[in-house]
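Hi,

Here is the model I promised to pass on. Have a look first, and my notes follow below.

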Amino acid sequence: MQSTRQALNDFFCAAQTKAFKQVAFSIGDRDEALDIVQDAMMKLAQHYSDQPENWPKLFQRIIQNLIRDWYRRHKTRSLFAWFGQTQTNNCEFEDDSIDQFPDPRSDQTPEQQADSQKTLLQLFNAIKQLPQKQQQAFLLRAWWEFSVEDAAFAMQCSTGSVKTHYFRANKRLRELVDNLDFINIGAHHGSL
Amino acid sequence: MAHSDDNEKIHRQTQKALNLGIKDPDKQELEQLAEVRLKALDLATQQKPIKKPLWNLQSAFISAGLCATLLIGILFITMPNPTGQSGLADASIEDIEVIMADVDIELLELDAEFYQWVADTEDQDIPNDV
């Protein structure tokens with residue numbers, strides 16, 4: 001029992017920041033993102049604490065369901081909202097300032113660094129513009145490095161659907177981002 | 001292979017873009033996450049209620065009883081009688097025949113007169129001293 005507790009704690013510690021950032025990026029609201037991640041933690045612990053080998057994909061599945069519910073509620077609310085009423089959005093990372101993307105590489109010329117930063121910013125904004133399903137599939141594959149099968153489990157769809165969404169996302173990103181292959185990869189930040 | 005390398009490149013670029021573009025949780029957000037994490041861990045280590053097999057057995061009996069009742073009801077309604085027609089069909093046809101029968105009104109009036117005469121006669125037959 002103690003080992004399960006420790007293992008689950010380790011899993012949550014490793015996944016919580018990335019999950020929080022993922023949800024915040026998807027829905028654009030940090031407070032709501034916090035609620036969703038907390039809810040997902042409780043659900044995973046309550047129902048699946050005995051399946052440690054499946055925690056990553058189960059956690060993602062719960063998160064994807066909660067995001068979908070959030071969108072549903074949000075759309076319903078929007079239907080009843082007054083025209084002209086502005087939508088509350090306390091998303092702090094929507095600032096398009098290029099300073100958000102400092103490039104740690106010092107062996108590049110200032111022009112190359114600027115291009116890299118610009119491309120990263122373009123990529124960030126392009127991912128934000130993807131349709132929800134494409135964005136989900138892309139984030140699961142590219143950010144979480146899920147296999148197609150695990151992504152399909154998390155999204156509750158077929159592997160074929162994941163491949164299609166991912167392919168379309170990839171294609172769209174290449175259309176939207178100039179010099180996608182130019183970005184000089186610095187330190188790898190993606191691992192949990 | 002080249003396609004796979006391309007994808008890997010984009011994956012790494014994506015990871016970099018998102019890690020740099022989305023702010024990490026601040027101190028307050030981390031505290032809230034830690035609080036819920038502890039609650040979740042407590043929830044995970046709580047003894048889960050053991051499912052009682054008796055309850056499952058009871059459910060099975062109730063379900064079986066309901067099915068049996070339903071089956072008997074259906075058989076009772078649709079079971080064929082010795083003439084070969086189903087009970088339901090038989091009853092319905094009789095009812096329809098009675099309702100749709102071509103009845104002669106004059107005969108019904110004669111019957112009514114007859115029953116009135118019988119009633120009057122019975123009244124007269126009763127002795128006065130009883």
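In which helix of chain A is Arg141(A) found? Arg141(A) sits in helix α5, residues 132-143; helices here are DSSP runs of H or I with at least four residues, strands are runs of E with at least two, and both are numbered from the N terminus.

Before going on, some housekeeping: this is a predicted model, where local features need pLDDT of at least 70, side-chain atom pairs count only at pLDDT 80 or more, and totals for chains, interfaces and linings use all residues. Residues are numbered from 1 along each chain as its sequence is written, chains are lettered from A and ligands numbered from 1 in the order written, and side-chain values use heavy atoms, with hydrogens and water left out.

Back to Arg141(A): leaving aside residues up to four places away in sequence, Arg141(A) touches Phe146(A), Ser147(A), Val148(A), Ala151(A), Val162(A), Tyr166(A) and His11(B) (contact means heavy atoms within 4.5 Å). Tyr166(A) is 25 residues from Arg141(A) in sequence, with 7.8 Å between their C-alpha atoms.

Now chain B. It has 5 helices and 0 strands, so the pattern along the sequence is α-α-α-α-α.

Trp117(B), in helix α5 of chain B (residues 105-125), is exposed, with a relative accessible area of 55%.

Cheers

Technical notes: Buried < 20%, exposed > 50% of the residue type's maximum accessible area, 1.4 Å probe, protein only.
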